[in-house]
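Grab a pencil and open the viewer. Below are a few exercises, each followed by a worked solution.

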Amino acid sequence: MINLIKKNEGILFLICISLCIFLAIYNPQFYSIQNIHSILRSSSTVMIVALGMTILLTSGEVDLSVGALMSFVTVIAMDVINVTGSISLGLIAVFSFCFVVGLTNGLIRTVLSVNSLIGTLAMMLILQGSVYVYSMAAIYNTHLIPAFSFIGQGFFLNIPMPVIIMLFILPFFIILLNYTRYGRYFSSIGSNPDAAKLSGINNNRYKVIGFIITSLLVGVAGIILASLMDTGQQGSAKGFELTVIAAVLLGGTSFLGGSGTIIGTILGILILKIIDNGIILMGIDQDFQLVVPGVILILAVYFDNLRKKKNV
Amino acid sequence: MYKSKFKNLKINSVSKEFPGVKALDSVSMNISAGKVHALMGENGAGKSTLIKILAGAYSKDGGKIFFDENEIILNSPYDSLNLGIKVVYQEISLITGFTVGENIFLENYPVNKFGIVNWKILYEETEKLFSKIGFDINPKTKISDLSISQQQMVEIARAVYQNASIVIMDEPTSSLTPNEIKKLFDVIENLKNDNIAILYVTHKIDEIFKIADEVTVLRDGKHISNRLISDTSEEILITDMVGRKVEAAFERPKSIDKNIVMRVKNISTKNKLKNISFDLSKGEILGFFGLMGAGRTELAKAIFGYDQISAGEIEINKNIYKNFNTSMMVNSGLGYVTEDRKEEGIVKDMNLRENMTLPSLELFEKLFFIDKNKEQKQSNEYIKKFEVKTPSCERLITLLSGGNQQKVLLSRWLIRELKVIILDEPTRGVDIGAKTEVLSLVNELAKDGLSVLLMTSEMNDLLNLSDRILVMANGEIKKEFLRNNVTQEDIFRASVS
Amino acid sequence: MNIIMKYFKKGEFALFAIFLLVFLVFSFSSEYFFTLRNIMNVSGQLSIILIASVGFAILLIAGEVDISIGSLLAFVSIPLIQTMNLTESVTLGIILCLFFGIIIGLINGYLSVYLGISSLIVTLGMLFILRGAVYLYTGQRAISDDYMSDFFYYIGNGKFMGTVPYAAMIALVVLVIFIYVMNNTSYGRKLYAVGGNKEVARLAGYNIKRLKLSAFVICSFLSSISAIILCSRIGSANHMAGDLFEFQVVAAVVLGGVSLVGGIGTLTGAAIGVMILAIISNGLGLLNVDTQWQLVVNGVIIIIAVGFDELKRKKVI
């Protein structure tokens, strides 16, 4: 039992439970069905992207453009479906766009040798700017296709659809990272790129794949978001990347190599989202929601550094 | 710059141990002011360790050091610097964006009370310093615009500008042209006149006879001799450096099948290698000897696809490779045990099993999933075979000793069906017993048809195992020897020519 | 010609040439570009970016980064405006504004240098923390300057002799002072050394932590000066001020040749980079191109400039 507590996931679990108990006492609305569903929905989109971000961080890269891309995706999705009346075409448009963005991020890193922090930061700017070039105004849902709304707002067996979608994707990544050789490849590339290369691994190829996977996952999350908002909104996912990165780092994955666990990441996301939710329920000014991930990010990296130093 | 008041440095029975290897074993020597004292030895003899101890970077485990008859403890680089012990390494440690003059004055800019730098004084003093040393470079030149030899000169000037008592030069001429070497020697003469002692660390015998007054030879961590140059000869020094009993040789086939497995044709790299060519037959063990900077590791990395070649090609079993990466080479049956196991070998966050199977994961796959049981079985086989000291194959690789890590890295490649394996210092940090096991395994595999590129500084291993020996220096192959027909002295001499 | 060559070392000369080129292109493309009014207008906005860029460049040269300066801009505007409104003292307002700037610089520096958290992470977090704090305090509304002192107005909008904006003069003075400091004082040279080769600097006995900390403080301090000018021009402490500002600064500074790895680049180059970007965005605006394109342009410039820098370092180019 002590061992469990000492481990990262143990601590996160305790924090999570404590938060839940505290909020439940403070405001019974916390454990109302609608509230729980809301937390689960917003956690799902973060989790979906966090899966890709985990791959990237494990292999020593990062993608700061996910927020801007997600906003862009909501706009594209809504626009294309409005115009064509076809969800399939919307999906194709979104995923093609995401593929190109991911590929570009990857090539900037591998061909131009621009480090991914800067490169994806620059991509973030480009996407933030170009989304307005695509459309100055927000795009409202004029197609009113029920299947589309179902993606974000629907339920399956009383569980919100975003959670179902996330649960559908999750096992694939768990298997990928823990049971296939690709997981080993990503880990070794992040932990010791030279040793990986000298073992015959093509580092650049896998980095690019990591970026593409992440961007495609952002596509999924963006479509869910568009469905939830019933709008394509530029700037709707601002700050999203911070939450994703903070969650993945909380979950134990480190910039310096070594991957955390999926459970850790899930708990990290829940903690962040419950805090967000608590801020609203406790009537605290919503703008605190910007402050919290920032503080947590710094703390998470600080403790991660301490942990690494102790192990070395 | 003032005349140094230093008289001598006595090193008494200094020892230093690392896990698994005694780097220095009761080494003693005296360094006198105003003299050039050469330090010689093969790779791994202990030269770097001694330098690092004198520089305050390592602490000694035994023995005493006396500076002008006072015992000193060197706990940090500052201790050494304060005494005037300066080291000029092979890697340049200057601020490349600054000018020459600025680098000289890094520790103390000539400033007025507001902190404003007096550039006029700075450059004038630098000029004075240079003319004293005998070095002519415009002090306003940026470091990045200088050649390696000029940068080295700046380093030396920087070292002697303030209270220098001993200047340790580590392989100073490895990248210099004969002209530049002559300039360096002129500078060294000037330093001697200022009573500064020079510890000149090198393997180049002819230089020692040109510039040194005394020479100490290290071998396997022990000091073999301390001689005056005037009292000795090249032959004696070579014997000092190399002479040891040759152990029983491994049995090698009388002649090697002329079945060519790999042809290296005229490969060069941007920085080091020049026009290297050789053939490798099936089952042949081709030894490579060369001192530091000769280019063996560069050759290994180039052949393996880690570094790009700028010219030439490699032919493996009728396939020609001009532009290739490590993936391609691994797929065509090559393996490579690197020299630097910490930075290029082990993946520190993985355990023993994962490290061992890393290049071969497709062998352990069953329908996209990795078969962990199969991995464990294989790992345990090799743990037993090499007697790797570990409780299990799940142990974190960083918790293993260096020697055991090396065994794991070797197993990593031997698990595969290889055509060619490149071994770069494969027995470094491995104890004697394991060494023999590893080498005899290599011998057996060669008999079964594995071709081996054996790069090692262990003369014994080279002579015992290799069918042919190629000696490298300065990025080129200098000489080829056949087994049975060569002595250690021959090889060594070829590597310093 | 020789004098020009002496002052503009290789890289900066190329930059200046680019600047002239862009200037000429826009002069011919738009009739409004090369007018006194426009130039004076540009120099007003330019001063804000320039002053902050000087601070940013200095920190970059020292080997660290601060991407929270945009949020800082908004954050320190609050004590500035509030103090003026409450105490009717411009001086007090300015002092408090700069004070808060220094404090944030100290915090950023302490977390990065003394606690060892990557400065990118620290200031990324700060970016959101400060912005959030601004939103919290202002309730997402601007705080208007009710005091409306003439003196304060002139800082950002006044012109010396009716032509040269005070803001531009402040920027120029800041630029000249810090160019001198970076090139001619031991302090400035030590910053270069620390960013250029930490080990050599350490062995030379430099107090690396203190030097880097001071660079963080300079960066925030200068960004606070930019904030003062900005508030003067818009007449309020705007909660959205400085949004994405840090990225414009990064693009300008990186374009100007200051390297992200530290120890390389000059303030002169950074200044030219700022000027180039400023006239590009001004020119595009006059040609009625969407302002959103500027973000895109910034992003592309960052990628190209950094990519070029990296490839040059790896000697591919």
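**Exercise 1.** Which residues does B:Val167 touch, not counting residues up to four places away in sequence?

*Solution.* Before you start, note that this is a predicted model, where local features need pLDDT of at least 70, side-chain atom pairs count only at pLDDT 80 or more, and totals for chains, interfaces and linings use all residues. Residues are numbered from 1 along each chain as its sequence is written, while chains are lettered from A and ligands numbered from 1 in the order in which they are written.
- Step 1: list the partners of B:Val167, namely B:Lys86, B:Val88, B:Ile156, B:Ala159, B:Val160, B:Leu191, B:Ile196 and B:Ile198.

**Exercise 2.** Find out how many residues the largest nonpolar core has.

*Solution.* 
- Step 1: a nonpolar core is a set of buried Ala, Val, Leu, Ile, Met, Phe, Trp, Tyr and Cys residues joined through C-beta atoms within 7 Å; buried means 20 or more other C-beta atoms within 10 Å of a residue's own.
- Step 2: the largest such core has 352 residues, and B:Val167, C:Val54, C:Ile58 and C:Leu80 have the most contacts inside it.
- Step 3: helix α3 (residues 36-61) of chain C gives the most to this core, with 14 residues. Helices here are DSSP runs (H or I, at least four residues), numbered from the N terminus.

**Exercise 3.** Work out what each domain of chain B brings to their contact.

*Solution.* 
- Step 1: the assignment, automatic or from a database, gives domain 1 (8-242) and domain 2 (260-496).
- Step 2: their C-alpha centres lie 34 Å apart.
- Step 3: domain 1 of chain B puts in 13 residues and domain 2 of chain B puts in 15.

**Exercise 4.** Describe how α3(A) packs on α12(A).

*Solution.* 
- Step 1: the axes (lines fitted to C-alpha atoms over the stretch in contact, with angles from 0 to 180 degrees between N-to-C directions) of α3 (residues 33-58) and α12 (residues 240-250) of chain A come within 9 Å and cross at roughly 65°.
- Step 2: on the α3(A) side you'll find A:Val46 and A:Met53, among others, and they meet a set in α12(A) including A:Val244 and A:Ile245.

**Exercise 5.** Say which helix of chain C gives the most to the side that touches chain A.

*Solution.* 
- Step 1: 36 residues of chain C are in contact with 31 residues of chain A.
- Step 2: α6 (119-138) and α14 (292-313) of chain C each supply at least two residues of that side.
- Step 3: α14(C) gives the most, with 14 residues.

Notes. Contact = placed C-beta atoms within 7 Å. Buried ≥ 20, exposed ≤ 12 C-beta atoms within 10 Å, placed from the backbone.
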